[in-house]
Amino acid sequence: MRTVIMIVVVAVALLAGNALLQLLGASARIDLTEQQLYSLSAGTRQVVGELQKPLTVELYFSQQASEDLTQLRAYAERVDELLQEYRLASDGQLTLRRVDPEPFSEQEDDATRFGLQSVPVGNLGESLYFGLVVRDANDNYETLAFLQPDREPYLEYELTQMIYRLQQDTLPVIGVLSGLPVMGGFNPATGQPNEPWMAIEQLQSLYEVRSLNAELTRIDSDVDVLLLIQPPDLTEQAQYAIDQFALAGGRVLAFIDPVAETAAGGMMGLQQQASADSLTTLLAAWGIDWQSNQAVLDATNALVVSQGPGKPPMRHFGLLALGESSFVADQLQTSALEAVNLSSVGRLTAVEDASSVFLPWLFSSADSMSIDATRLQMGADLLQLQRDFSSAAERQILAATVTGSARSAFSAIQAEQWRQPEDPEHIADTQQLAVTVVADTDVLSDRLWVQVQNFFGQRIATPWADNGTLLVNLTDQMAGSTALMSLRARGQYQRPFDRVEALREQAEQRFLASEQRLQQQLQATEQQLMELQPAPGDEPLTLTAEQQQAIEAFQQQKLDIRRELREVQHALNKDIDALGTQLKVLNILLLPLLLTLLVGGIAYLLQRRRVL
């Protein structure tokens with residue numbers, strides 16, 4: 001009888017729960033994942049919640065052609081679930097359609113018209129469509145040509161961008177002035193055109209990006225943000241134009257670099273076509289002190305790089321991977337960023353007695369120092385950089401924003417020689433300065449943050465760091481569209497094993513000390529061997545038995561030292577691998593095991609209570 005009652009109670013509870021869910025409808029959502037992987041970002045909710053005109057989102061997916069593609073079909077279901085979240089957040093402004101573009105159908109014609117990518121599948125080469133189209137009532141549309149499963153973490157960001165763009169009557173204008181090949185163009189070395197840097201291509205999908213000439217005499221009035229990326233040598237008139245743009249309330253975003261590795265001759269130590277030196281006067285007037293010959297080394301945030309065949313990987317103190325601890329908390333430009341990579345980065349300081357407000361927001365670790373930037377040019381001895389490293393025990397400022405009041409870098413008398421009759425009056429000072437400076441340009445180059453592949457003629461970007469997002473965030477903040485800034489890729493990054501990294505650094509320090517001692521012994525031994533060898537052109541010496549014995553002893557000692565060096569390196573790698581394995585096992589197995597034991601214990605106690 002008691003069992004029957006329990007069954008009835010459980011059945012009633014299930015029916016009541018089901019009824020409650022039906023009552024709540026499809027709007028009831030609980031996302032228990034730590035990173036809220038199944039929830040829309042705040043930026044998406046803002047963009048979708050503020051839609052001014054209705055939109056239609058069409059998911060094109062070939063049902064028959066995908067019958068044997070289980071994973072792809074599962075991904076299509078997840079995309080559909082995400083679209084349902086968009087619909088719920090849009091307050092009726094978004095309409096969803098799922099379209100099956102069967103062969104030779106009108107739906108297939110539409111897919112072709114929208115530029116969706118068809119991929120041949122199966123032995124018969126049947127076409128598979130899996131794309132998204134967002135349309136408005138005037139048949140303006142944005143598309144994602146093919147939804148690749150490995151780009152699932154970026155789907156929300158790309159979809160929200162499409163919706164955002166369709167809502168804009170006019171796009172903000174970003175004026176780009178750079179001496180680096182950021183906009184692509186013809187490469188005389190290969191005879192082939194170069195694509196724009198992916199960071200710039202991302203901006204082009206959101207804004208009107210306009211390339212500016214270094215000989216400019218005025219910044220167009222419709223430019224919302226002036227983006228300076230290691231500009232070429234600027235005339236004083238061009239500097240004055242930038243000065244007046246900033247003082248008139250224009251937003252300036254500058255990336256400057258002591259060693260711009262993508263500049264012609266930049267890593268060779270040759271005369272660079274692009275240099276931030278011509279901005280020095282303006283930076284000083286804005287309240288930023290910038291030493292173009294100084295670069296930052298950072299022992300804590302150094303990346304491990306390959307040294308080529310036959311050499312072990314080594315940490316490069318001038319190549320930095322910055323995490324959340326390097327960002328100032330609660331800043332819009334760094335919100336949701338997890339990792340930003342920089343190379344040969346410079347340092348910024350505030351000008352004493354400047355009237356502007358200097359707000360640093362990106363830092364090195366305290367285990368850092370500044371060096372002559374030429375030491376980071378091509379062929380830099382990474383081991384010597386480590387040997388010479390001496391921590392300044394303070395964090396270096398790598399990026400900052402200056403706001404508030406500032407005076408013009410030029411006098412009214414100087415301005416007279418450049419002003420045209422139609423130009424506005426000279427602006428001597430301002431209270432609304434808004435300038436952001438990042439002391440690195442390589443941060444925007446593809447090699448530090450993204451892999452770009454060609455997929456049936458379409459450029460597909462797969463980021464492994466947030467460098468591109470940082471540029472978009474900064475531009476969004478300055479152009480006024482802050483809603484997109486809170487968007488983030490959904491858990492695309494692996495969590496670093498911080499403890500392993502700390503132990504790696506300790507082990508490397510031990511290796512470095514042993515390596516230096518052994519290298520000194522090796523050099524002394526080789527020097528002694530050389531002194532026993534006849535000089536070139538001399539008659540061969542007849543060695544005594546003692547001398548021959550000494551040479552053999554030195555040669556044996558040399559071999560022993562080299563073997564010991566290899567053993568030290570081998571032990572270092574072995575220790576690091578063992579530590580990494582142990583911690584991964586603990587992280588992957590220990591928690592599930594504890595949870596299993598906990599659930600089992602609770603079940604056992606409940607069973608005992610029922611028995612008693």
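Trainee: Is R447 buried, partly exposed or exposed?

Mentor: The relative accessible area of R447 is 43%. Buried means under 20%, exposed over 50%, and partly exposed in between (1.4 Å probe, protein chains only). So R447 is partly exposed.

Trainee: What kind of model and numbering sit behind these values?

Mentor: Side-chain values use heavy atoms, without hydrogens and water, and residues are numbered from 1 along each chain as its sequence is written. Local features need pLDDT of at least 70, side-chain atom pairs count only at pLDDT 80 or more, and totals for chains, interfaces and linings use all residues, since this is a predicted model.

Trainee: How far apart are the closest N and O atoms of E261 and R447?

Mentor: The two residues form a salt bridge, meaning a side-chain nitrogen of Lys or Arg within 4 Å of a carboxyl oxygen of Asp or Glu. E261 counts as buried, at 19% relative accessibility. The closest N and O atoms are 2.0 Å apart.

Trainee: Which strands does the R135 and E58 pair tie together?

Mentor: Strands (E, at least two residues) and helices (H or I, at least four) are DSSP runs, numbered from the N terminus. The side chains of R135 and E58 meet in a salt bridge of 2.7 Å, N to O. R135 lies in residues 126-136 and E58 in residues 55-61, so the pair ties together strands β4 and β1.

Trainee: Which residue pairs with R113 in a salt bridge?

Mentor: R113 lies in helix α4, and its partner in the loop between β4 and β5. The closest N and O atoms are 3.3 Å apart. The partner is D139.
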